Amino acid sequence: MKRILHLFSIGALLGLGACEGSFEIEQGGAYKIYVQAIANSSTLFITPILATPVGSARKETEFTVEAWLNGRSLEVKKVEQEEDGDLFMALLVSEEQTGILPGDEIRIRVSCPDAREVSGTTLAYPPMSIEDVEMEDCLIYANERTSAYGKKIQLHLEKAPGADEHYALRIMTVRETTFDDGQTETSIAYLTPGYITDPMQAGRFDLEDYMSFNFYGSYLGGSGADAPITLLPEHRFDSDTYTFFLGSLDANIIRDIVNNSPEGDGGIGRDKDQADPKEPERKPVGSRTSYHFTLYRLSPEFFYYAKALYQSNFDFLSNMGLTPANFTYTNVDGGLGFVGYFGASGFRVEGEYESLIEE
């Protein structure tokens, strides 16, 4: 907490001086293709966009997209018009290829009449399975007036992650509420893992522990937050076990920063209330909350691009124009963006039914 307040103080001081200087942005330059190509165990999604130089008019263009799996040409189809750009798709599993194996090479090439051709390559990696999940209620905070409880969670993996492996986690809760008229309604929420349960540990708060971003399966970033995921720091693993807390002090801090950051900061996962308003005459009589944990094994290109996106969009100092943006990573030759791969595995913890009727 102190560190965050200290950073905001520094930002305020820098802001006072920032208004005194002036600089010019160099305009012009060539149009470039920006592309995201994201593969999983069965499908490759390609989203190309024509990046417009500062001061130039936006152009509409037609993209030609090609893809290969281990040198074999794939059939690429345009699926639909997306808000963030055209979406193309290629199937990686076919009669010739029954499954994606570790080390399989996926390569793409995108061209258009208005910019230089771009290309990129990634490799397939095996997913990491979650073997078991331990959950227990724990005290997060208490004083003379109030107390707050959360959950301590341990994910036990099939093996300890390697030093050069990269992972991300999605935590989804599904709450089923039963009403006195016999009807049941379901609401979904996405949570952020945290690590601090003692206010005295606030000095150890590090934004790199909370690299969260929007991920839709076919596209990374963008506005809104349907299902954010969080990159997992290597130092948070203890052999084959990853331990974190829900409802912890730092998770609440991150939630407040994100929900109060400016709209349009693509890549940052925001809380989103998806529950329908309840009719006044209906009364809840019971509920059940289940937890869905999805562990993503990321290719290095996916991980480093996501981290750069986080540093650019979640660093509130750069968002305020006080520090340079850190968006620097690309593995696309001739353009911008990334080509990456992810493998996913899931684990569901079914909640127990809780009565909401006072006896």
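Student: Is Cys138 buried or exposed?

Tutor: This is a predicted model, and in it Cys138 has a relative accessibility of 15%, so Cys138 counts as buried, because the cut-off for that word is under 20%.

Student: And Cys112, buried or exposed?

Tutor: Cys112 is buried too, since its relative accessible area comes to 11%.

Student: How many disulfides are there, then?

Tutor: The count comes to zero disulfides. A disulfide is a covalent bond that joins the sulfur atoms of two cysteines.

Student: OK, new topic. Where does Ser345 sit?

Tutor: Ser345 belongs to strand β18, which covers residues 336–349, and with a relative accessible area of 13% Ser345 is buried.

Student: What does Ser345 touch?

Tutor: Leaving aside residues up to four places away in sequence, Ser345 touches Met128, Ser129 and Ile130, and also Phe293, Thr294 and Leu295.

Student: What about the side chain of Ser345 and the backbone oxygen of Met128, how many Å is it between them?

Tutor: A polar atom of the Ser345 side chain lies 2.4 Å from the backbone oxygen of Met128.

Student: Last one, Gly29. Where is that, and is it buried or exposed?

Tutor: Gly29 is found in the loop between α1 (2–18) and β1 (32–39), and at 61% relative accessibility Gly29 counts as exposed, because that word applies over 50%.

Student: How many Å apart are Gly29 and Pro53 in space?

Tutor: From C-alpha to C-alpha, Gly29 and Pro53 are 5.7 Å apart in space, while in sequence they are 24 residues apart.

Notes:
Residues numbered from 1 in each chain as written. Predicted model: local features only at pLDDT ≥ 70, side-chain atom pairs only at ≥ 80, totals over all residues. Heavy atoms only, no water. Helix = DSSP H or I, 4+ residues; strand = E, 2+ residues; numbered from the N terminus. Buried < 20%, exposed > 50% of the residue type's maximum accessible area, 1.4 Å probe, protein only. Polar contact = N/O pair within 3.5 Å; in protein donor to acceptor, adjacent residues only side chain to side chain. Contact = heavy atoms within 4.5 Å. Disulfide = S-S within 2.5 Å.
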